[in-house]
Amino acid sequence: MQLRYSFIIPVYNRPEETEELLLSFVNLKTTLNFEIVIVEDGSTQTSEAVVNAFKDALNIAYFFKENSGPGDSRNFGMKHATGNYFIILDSDCVLPSNYLSEVDASLNSEYVDCFGGPDAADASFTNLQKAINFSMTSFITTGGIRGSKNQIGKFQPRSFNMGLSKVAFEASNGFGTIHPGEDPDLSIRLWALGFQTKLITEAFVYHKRRISWAKFYKQVHKFGMVRPILNSWHPHTAKITYWFPTLFILGLIVAIGAYIFQFKWLLMCYFMYFIVAFILALVQSKSLIVAILAIPAILIQFEGYGYGFLKSFVNVQLLKKDAKLVFPELFFKL
């Protein structure tokens, strides 16, 4: 099959991000033809002027619609795209120059109907962005990219950097209304339909995550809340490892309490864990500041996710409450 690529990018009040992302498209080193579909999701600060400035250099389609969330906006973009293979990006991503050539080479070598790629921190990122990137991607916090290199199987792509064939989109009806969590939900439904997924490690993006400590906590807290909901929808996908952040934080509380009564060994285990995290962050970033910031980033990630997971597990899986009624902030109304 001849692959024709359409990039699908939902945008919400991010003209500066859109400009930076489109500039990276201009700098792609590829002979492949591709189109870009920008879907403005009810923004008050639109990217229309930015898009118009790039129309002579890039094949871009621009749509404005009422706000209905990123999942529905991606579905909208795929319905209006002309390609037969969609690549979905977040607006806060920047592409390295070899991105599309790596995707195309991998799909032509070992085709799947859905793929995901990693995110990385560019040298231009702030120290906070680099620290949060380490916390979100390190093997000792999230298992790295949450998949094995180039392995076809049960890898769950994330929608900041995700490919989906038109055939798979039409069979699955695309993303649901939950957010976050719409991307693993789609992956699981694709598996049930017989489609395969894989990780393309070389197809990474620079994910800027324009973020603060407060925004980071809110984000990971929602990630934690979503997982028990997905487990209730798809029980066969539940894993004991999803409990790790919750158990980590509960264990830390116990360790601090035990230290007061002179039981020091448990807290020392946590101390050693953070020493290892500090060293890994220092080696990766080559920055003492980033390595120091990585410690609170890990704590915020684990506490936010762990508490969100526990709260959602009690309400959704133990008390059997309707997730849409208990956590309406996690669902967009279409």
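Okay, let's start with a pair of strands: β7 and β11 (residues 205-207) run parallel and are joined by two bridges. Strands here are DSSP runs of E with at least two residues, and helices are H or I runs of at least four, numbered from the N terminus. Two strands count as paired if DSSP finds at least two bridges between them. If you look in β11, Y206 is the bridge partner of A120.

Quick note: this is a predicted model, so local features need pLDDT of at least 70 and side-chain atom pairs 80 or more, while totals for chains, interfaces and linings use all residues. Residues are numbered from 1 along each chain as its sequence is written, and side-chain values use heavy atoms, leaving out hydrogens and water.

Back to the sheet. It's open, has three strands in the order β5-β11-β7, and the pairing is mixed. The edge strands, β5 (93-94) and β7 (119-120), each pair on one side only.

Now the helices. α10 (residues 244-260) has 17 residues and reaches 24 Å from first C-alpha to last, close to the 24 Å expected at 1.5 Å a residue; that expected span is 1.5 Å times one less than the number of residues. Which parts of α10 are buried? Among them are F248, I249 and L252, where buried means under 20% relative accessible area, exposed over 50%, and partly exposed in between (1.4 Å probe, protein chains only). The buried residues of α10 pack against α11 and α12 (288-318), with contact meaning heavy atoms within 4.5 Å. After α10 comes Q262, with a positive phi near 70 degrees.

Last stop: M268 sits in α11 (residues 265-285), and M268 is partly exposed at 44% relative accessible area.
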